[in-house]
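Please open the model in your viewer and follow the stops below in order.

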Amino acid sequence: MRSAKDFFRPLAVGAPEPLREIPARPSRAIHFFDPSNAKMAAKVPQLVGTVDVLLGNLEDAIKADHKEAARRGLVEIARGTDFATTQLWTRVNSLDSPWVLDDLTTLVGEIGDKLDVIMVPKVQGAEDIAYVDRLLAQLEARAGLQKPLLVHAILETARGVANVEEICGASPRMQGLSLGPADLAADRRMKTTRVGGGHPGYLVRADPAQTTDGVDVEGERTTYQQDLWHYTIARMVDACAAHGIFPFYGPFGDIADTVACEDQFRNAYLLGCVGAWSLHPSQVAIANRVFSPSVDDIAHARRVVAALQANGGDGTGAVMLDGKMEDDASLKQCLVLVELAEQLAERDPALQELYAGLEA
């Protein structure tokens, strides 16, 4: 067992000190791009500033004979781009692949100072994070990096979900988790071929109408489609909150169905996720909109905060506002929104203007 007092010591001589708190940076959209695709690579500088996170993908969507080109392409993009306030992440190949060791040694050694987060797919348990943790410390020491790279795990297996709390607490490097619905569905033997989102067969049906002769089984009964991912997202959010890291919804595969994409992103946002993956530029706008608190929500949150602070602000007592009781629990809820709005306003001039207008 690792001693608690050793948890925040570097795992290699010369490696940077681990962080004691993961910074809360706006990460509404994690936009994936293929570094081996020249057309996509050329668009990266134009995306800087419009998206919170740009992620150079090296894993599943990259063909085996393009793996080395994608890795080299990411190095060139990182070296030649000023990312300013946009974060640069990468998704390396899975830990059982023949490419992951070269992914880590090359990227940390050559662009470790430009990378913010390394996304690790198909994480099964704390042992996977421990392996990456030690290896990154050795590579950071060799590269002379001054800040530790953070690790983001994808939940893509039933075992990973079963071990989600241990994964979140496995290392000070842990930045967050993402739901990987397609691989997880296959591993669970779920009967859906969709990448994220709901399924019309997963539903509840209204009770049959009652008649004087009994039950009208032939009558029309309303159905409501259910969310296949509610349990997993909620469990992931709880595990992340308990360990001070951040939960994300993963991919929504039907690019053309922007309505369902927005619905799924909003469900994840309301449950506590801070962002989602973007597979197409159209999904960036959806994520930026959904994962930014609405003007109405911020206006109400600020009113609640002001009313309770005027009432003493010491966590006791209650006030009536618009016919509703607001107390310390309300204050905590509202501060979550207000703090998020402040963070987003620092990055997004449009939101800064929008939220500032509420103070007038």
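Are helix 12 and helix 13 parallel or oblique to each other? The model is predicted: local features need pLDDT of at least 70, side-chain atom pairs count only at pLDDT 80 or more, and totals for chains, interfaces and linings use all residues. Residues are numbered from 1 along each chain as its sequence is written, and side-chain values use heavy atoms, with hydrogens and water left out.

**Stop 1: two helices.** Select residues 328-347, helix 12, and residues 349-356, helix 13; helices are DSSP runs (H or I, at least four residues), numbered from the N terminus. Their axes, lines fitted to C-alpha atoms over the stretch in contact, come within 6 Å and cross at roughly 130°. Helix 12 and helix 13 are therefore oblique to each other, since angles under 35 degrees count as roughly parallel, over 145 as roughly antiparallel, 65 to 115 as roughly perpendicular and the rest as oblique. Ala341, Leu344, Ala345 and Arg347 of helix 12 meet Pro349, Leu351, Gln352 and Tyr355 of helix 13, where contact means heavy atoms within 4.5 Å.

**Stop 2: a strand residue.** Select threonine 90 in strand 3 (residues 87-91); strands are DSSP runs of E, at least two residues. Threonine 90 counts as buried because its relative accessibility is 0% (buried is under 20% relative accessible area, with a 1.4 Å probe and protein chains only). Beyond four places in sequence, its contacts include Leu55, Leu74 and Met119.

**Stop 3: the core.** Select Ile30, Leu177 and Phe265, which touch the most other members of the 81-residue largest nonpolar core. Such a core is a set of buried Ala, Val, Leu, Ile, Met, Phe, Trp, Tyr and Cys residues joined through side-chain atoms within 4.5 Å.

Terms used: Buried < 20%, exposed > 50% of the residue type's maximum accessible area, 1.4 Å probe, protein only. Axes fitted to C-alpha atoms, helices over the stretch in contact; angles between N-to-C directions.
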